[in-house]
Protein chains: 4
Amino acid sequence: EQVRVLFKQIFQAGDAPKATEKKSLLISRKHQAEDTVVRVGDFQVGNGTPFVIAGPCSVENVEQMDAVGAHLSKEGIKILRGGAYKPRTSPYDFQGLGVEGLKILRDAAKKHGMYSVSEIVAPEDVEMACEYIDIIQIGARNMQNFELLKAAGSVRKPILLKRGLSATIEEFLNAAEYIASRGNSQIILCERGIRTYEKATRNTLDISAVPILKQESHLPVVVDVSHSTGRKDIMFPIAKAALAVGADGLIIETHNNPAVALSDANQQLDLPQFSNIMNNLRESGYLSVPVGV
Amino acid sequence: EQVRVLFKQIFQAGDAPKATEKKSLLISRKHQAEDTVVRVGDFQVGNGTPFVIAGPCSVENVEQMDAVGAHLSKEGIKILRGGAYKPRTSPYDFQGLGVEGLKILRDAAKKHGMYSVSEIVAPEDVEMACEYIDIIQIGARNMQNFELLKAAGSVRKPILLKRGLSATIEEFLNAAEYIASRGNSQIILCERGIRTYEKATRNTLDISAVPILKQESHLPVVVDVSHSTGRKDIMFPIAKAALAVGADGLIIETHNNPAVALSDANQQLDLPQFSNIMNNLRESGYLSVPVGV
Amino acid sequence: EQVRVLFKQIFQAGDAPKATEKKSLLISRKHQAEDTVVRVGDFQVGNGTPFVIAGPCSVENVEQMDAVGAHLSKEGIKILRGGAYKPRTSPYDFQGLGVEGLKILRDAAKKHGMYSVSEIVAPEDVEMACEYIDIIQIGARNMQNFELLKAAGSVRKPILLKRGLSATIEEFLNAAEYIASRGNSQIILCERGIRTYEKATRNTLDISAVPILKQESHLPVVVDVSHSTGRKDIMFPIAKAALAVGADGLIIETHNNPAVALSDANQQLDLPQFSNIMNNLRESGYLSVPVGV
Amino acid sequence: EQVRVLFKQIFQAGDAPKATEKKSLLISRKHQAEDTVVRVGDFQVGNGTPFVIAGPCSVENVEQMDAVGAHLSKEGIKILRGGAYKPRTSPYDFQGLGVEGLKILRDAAKKHGMYSVSEIVAPEDVEMACEYIDIIQIGARNMQNFELLKAAGSVRKPILLKRGLSATIEEFLNAAEYIASRGNSQIILCERGIRTYEKATRNTLDISAVPILKQESHLPVVVDVSHSTGRKDIMFPIAKAALAVGADGLIIETHNNPAVALSDANQQLDLPQFSNIMNNLRESGYLSVPVGV
C-alpha cells in the first residue's frame, strides 16, 4: 500500500506542471510572448496580414482542382484546400480519393503557384502526406484523437488544427499542446463553430474564442466561415466579423460547380460568388489589395 | 365528437397563417421590405449610423447616475441605461430601486441631454414606466413572458427585446411578433449571447444571429457586448465584430466605480475604459466621429 | 465616494447569506432535513407513494374534460391537469380559454373526485386562480419570471414549479426559494427536460437532476414525461426510469382525442394508451395498486 | 462538365442506400428484428439478464488489478475493465501503461475467472490488442475516429463503442455502422452522458437515448454510470434508472484505493462502496442474485 501511495506521490510530483498549466504550456503566451508566424514555403501565416484559404470540400478530379486553382490564384489566394480523406458520418457516403486526391491537390497547387492543405485522419498517414502537401489539417472530429496529434507533432510540417465539435477552449489549447510537446510548434488554430441547441446555423460560430485564443496562445488563429455557419447567405458579414475580431485568416469552401459537389454541396461558394466576397472584403478594407493589382 | 373535430378544423383554419408564418409575421422582411427606424425622441435607431447604449447594470443612487451620465454624454452617447427592477437568480440579491430608480435614471438622462432605457419585469408596470423612461427593455429571462410582451405591445414606447438565454432565432422573432401583433412595431432586437457548454465566456455570443435577424426581419438589431461575453478583456474585438457583422448598435455596461457595483461588478467598464473603447472604435472606423468633434 | 463604498459594504453585509447560500435556503435540506409533504386537500404529494398527474395539454371544452376526468379517476388519478392559459411560441397559436378554462377544469375535477392543477402566467391572476384550482403551475418559460414567483409565494396554495428550458439546478432551486421566501413552502419541483443539441427528443430529460434535487432540497420532485421527451414511443421506459431514480410522481399528458388536440397533438396519449401505461407501471411494481382494486 | 455531372450522378446512385438509410443500416432493427447477443467467451451480453462491467479507470499495477479483480469476481462480475491507453486532455497527464497494462489486465481477469475490456486508441493497435483482451473499447473522444472504427470492424472481437461527447443518436448509430459494415457485428453501445450547459454533473446522462437506441438498433446498450454523472453520491439511483429504462448493463468505475488513483480519483467507487451498490441493486430487484448465492 505504501508503495502505491508513493507511486501516486511521484506522479503527482510529475503532475506539478499541470497545476500551473497555463504558465507552462508551450503554446501559451506565458511561455512565448511574441506571435508565432507559421511559414509555408515563402508564405507567412500570422504575420499581421489577413489571408484566405480556399478550395473545395473534397478533391474530386483533376479538372475540378485545376479550374478552382486557376480561379483562386488569380484572386491572390496562396493556400489551396481540398479533402482527400473525408471523415463522413455514414460509412456509405463518399470517403474521398485518398492519396490519389493528395496528388491531384498537389499538382493543382503547384501549377498555379499555391500551397496545399488537406486533412489527414490516420496517424500512419501523416509522414506520407508530408511528401505531397504543405499543411496537414487535423479535423474537428479528430481534435482529441491523441495518437493523430502525436503523429502531427513528430513531423516538421505546419499543422492546421480545428476545434472539436464541442471542445472547450481549454481542451482546444491542450490539443495543440499535444502537437507542440512533440516538437512541432508550427500550428494554426481554427475556430469552426461549436455544437449548440440553435439549428438556424449548422454550428454556432464562437466568435469570442478568437480573441481568447489570441490572448492565451501565441499561435495564429483562422476562422472557417463555411463550416461554422453552413450558410452562404450570411458569409460576407461573418467573414467581416471574423477579421474584425482579430482572426489571422479565413477558410472559405469554394467549388467550381457546387451543385454537383460530392460533399457539402449547400455550403460551398461557386467561383463568381467567391470573387464577389473577396472583392467586398477588399473594398471594405478587411483584406488588403494584392500588390500590383 | 363531430363537433370537436369541427372545432379543431375551425382552429386549424385559424392556424393557417402559421403554416406560412414567415410570410405573414408583421416583423418579417416579407411583410415589410425596408428597415424599421425606431424613433426615440429626435434620435433614430436603425438608420444606418451605429450607436452605443451605455450605463450601469443597476441604478444605485443619484450621484452614480449623474457621474455616469455626465461622462457618457461627453462621449456622444444618446441613450443611458440603468436597471431599476433587477431580475436576480437569488431572492436575496439586490433587487433594484424600483420606481425610485426609474426617476433617478430619468433625471440623469434629462440633465445630460440623453434618453433612457430600463428593464420592466411586471406587465402592470409597463404603462407606469412609460411616464419615466424612453425605451422599455424586456430582459432575456422574460423573452417568453408573454403577458409582459402583450403589455409592451399595448403601449406606444420603443421596446428593447433581449433574446432569451436559450431561445432559438425563430422563438426570438415570434416574441417580437407578440409585441408587434398588439400594435407596437417600435422594437429593437438585442442579441446577448446564448447558453452553451463553453464556460470561458459568461454566454456564447451568437454572432451569426445578427445577419440572420437582419435578413428575416426589418427591425434594428443591437448586440449587448457586456452580457454576451462577461469579459472586459475581449470587449474591444467583440465590439468591432458586432459592428462588422451588421449590428445597428451596441450595449456596453459602464459604471463610475465597478468595484463597488451592486451587480455584475466584474463585467462593467469604468469610465476611462469606456472612453478608451469608444476612441478605439472611432479610430478604427467602426463608429463615426460625432459632428463638431 | 466614501458613502457609496459604505453603501456597498452594507449591501455586502446583506449579501452574507448568499455566500453560505446552500445552508440558508429555506428549501434546502440544510434548513429542513425531513421531506416536505405537500397537501392537496386530503391528498399527499411526497409521502413516499408515487402518484401521477394527468390530463390534456389544454382545456378545450366541457365534454373533453369530462371524458378525460371520468377515465382518469377510474385509473385512480387524483390530480387532473389542463392548461387554460397557454404560453405559446407564436401569438397566432391557440392561447387557451382563460378563466373559462379554469372553471371547466374545476368542474371536471370536482365531478370525478379529483384535484386540479393549471398553469397561471400573470402575477395578477394568481389570487383569482386560487378560487378555482388546487395547485398553481408555473411553467418552464416563466421559471425566472420573478414577479410571478413572488405572487405565487404570497398565496397559500401548492405550487408546481417547472424547471426552465435551460435552467441550471442551482437556478431552479433559487426560483423555488423566491416562492418559499414569501412564505409559501408548499412547492412541488418538476423536471421537464432541458434544451440541448440532441433533437431526437423534444428536450433532453436530465434524469440526474431528480436525485440531486432530492438531495439538495426537501421538496417533492415530479417528472413530466410528456414534455421531457415529446415521444409517446419511449414513454413507458422513461416513466419507469423516473420512478426508479426517485421521483415522487409523474406528469403524463392525456387527451380523449389527441388527433384533434389544439396543442401538442403528437405527444399526448389517448385514454387506452394511458391505461396501458398505468397497468404496465403497476404490474412492474413502479406504482402501487390502488386499495380495493 | 458533362463527365463531372455524370460522375456525380453515379455517386448519387451509390448514395441511394443513404436516402433509405434506416432501412438499410446493418445495425438497425429494420435489418434485423431480433436482439443481437454479443458473446464474450461463455458470457452473453444482451440476453435479457442485466450485468455489470467494473474495474478501475486506469490499470496502474499488478497488485491493484489483482485486488480489484478478486473483489469483483466475488461479486459475480464477469467483465473487468481497466484503461491501458488513456486519452487525456493534457499531454502531461498520466497516459496509461500501454501494452504492459493490457497484460496486467489480462492476467488479473484470467486469475479471477473474468473477461477483460480496455480502450484502444490507435488503429494499428487493434489487432495486437485482440491477443490480450476480450472486448475492445472505443472511447467517446474517438467515436468519429473513422480509421479506428474501420480497424475495429476488421477484427472478430466484441467492440464496446461509447457515444461521443456531443454525438447525436444518429451519429452514434452511424459510427456503429462503420464497424458493422466491415463485418464485425459484435458491438455493444454505451451511453455515457452528453455535454450540455449543466455543470452539476460531469456530463448529462441522456437516459432517453437508451430506449431509442434499443428501438432503432438490435445491438445491446449499456450505461456508464460513472462518466455520465461523475458523482458517486447519486450513483445508486442512476444505476436503477438505467436498468429500469432498459439498459442491458452498467459500467461502474471501481478502484481499490480511489484516493490515490492516477485518473478520475473523484468518481471511482472503492470496493466496499461497490459491494454496497451491488447489494442494493440486487435487493431492489434490478440485478438478479447470482445462482448459488
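## Chain and domain interfaces in a predicted model

In this predicted model, 50 residues of chain B are in contact with 50 residues of chain C, where contact means heavy atoms within 4.5 Å. The model is predicted, so local features need pLDDT of at least 70 and side-chain atom pairs count only at pLDDT 80 or more, whereas totals for chains, interfaces and linings use all residues. Residues are numbered from 1 along each chain as its sequence is written, chains are lettered from A and ligands numbered from 1 in the order in which they are written, and side-chain values use heavy atoms, with hydrogens and water left out.

Chain B and chain C bury about 4,300 Å² between them, with 53% of it on carbon and sulfur atoms; buried area is the accessible area (1.4 Å probe) that two parts lose on being put together, summed over both. Two salt bridges cross the interface of chain B and chain C, a salt bridge being a side-chain nitrogen of Lys or Arg within 4 Å of a carboxyl oxygen of Asp or Glu. A salt bridge joins the side chains of Glu171(C) and Arg195(B), at 2.6 Å from N to O. The interface of chain B and chain C also has 15 residue pairs in polar contact, both residues at pLDDT 80 or more. A polar contact is a pair of N or O atoms within 3.5 Å; within protein, one must be able to donate a hydrogen and the other to accept it, and residues adjacent in sequence count only if both atoms are side-chain atoms. On the side of chain B that touches chain C, two or more residues each come from helices H1 (2-19), H3 (62-74), H6 (146-153) and H7 (169-181) of chain B, and H1(B) gives the most, with seven residues. Helices here are DSSP runs (H or I, at least four residues), numbered from the N terminus.

The contact between chain D and chain C takes 32 residues from each chain. Arg163(D) forms a salt bridge with Glu198(C), the closest N and O atoms being 2.8 Å apart. Helix H8 (209-216) and helix H10 (235-244) of chain D each supply at least two residues of the side that touches chain C, and the largest share, five residues, comes from H10(D).

Chain D can be laid on chain C with an RMSD of 0.0 Å by a turn of 180 degrees and a shift of 0.0 Å along the axis, so the two copies are related as by a two-fold rotation axis. The C-alpha of chain D nearest that axis belongs to Ala241(D), 2.1 Å away. The superposition is by least squares on the C-alpha atoms of residues with pLDDT of at least 70 in both copies. Because 100% of the interface residues of chain D are also interface residues in chain C, the copies meet through the same surface.

Within chain A, an automatic or database domain assignment gives domain 1 (1-31) and domain 2 (34-283). Leu26(A), Ile27(A) and Arg29(A) supply 71% of the area that domain 1 buries against domain 2, more than any other three residues. The side chain of Arg29(A) also meets that of Asp35(A) in a salt bridge (2.6 Å, N to O).

| Pair | Buried area | Share from carbon and sulfur atoms |
|---|---|---|
| Chain B and chain C | about 4,300 Å² | 53% |
| Chain D and chain C | about 2,400 Å² | 62% |
| Domain 1 and domain 2 of chain A | about 970 Å² | 48% |
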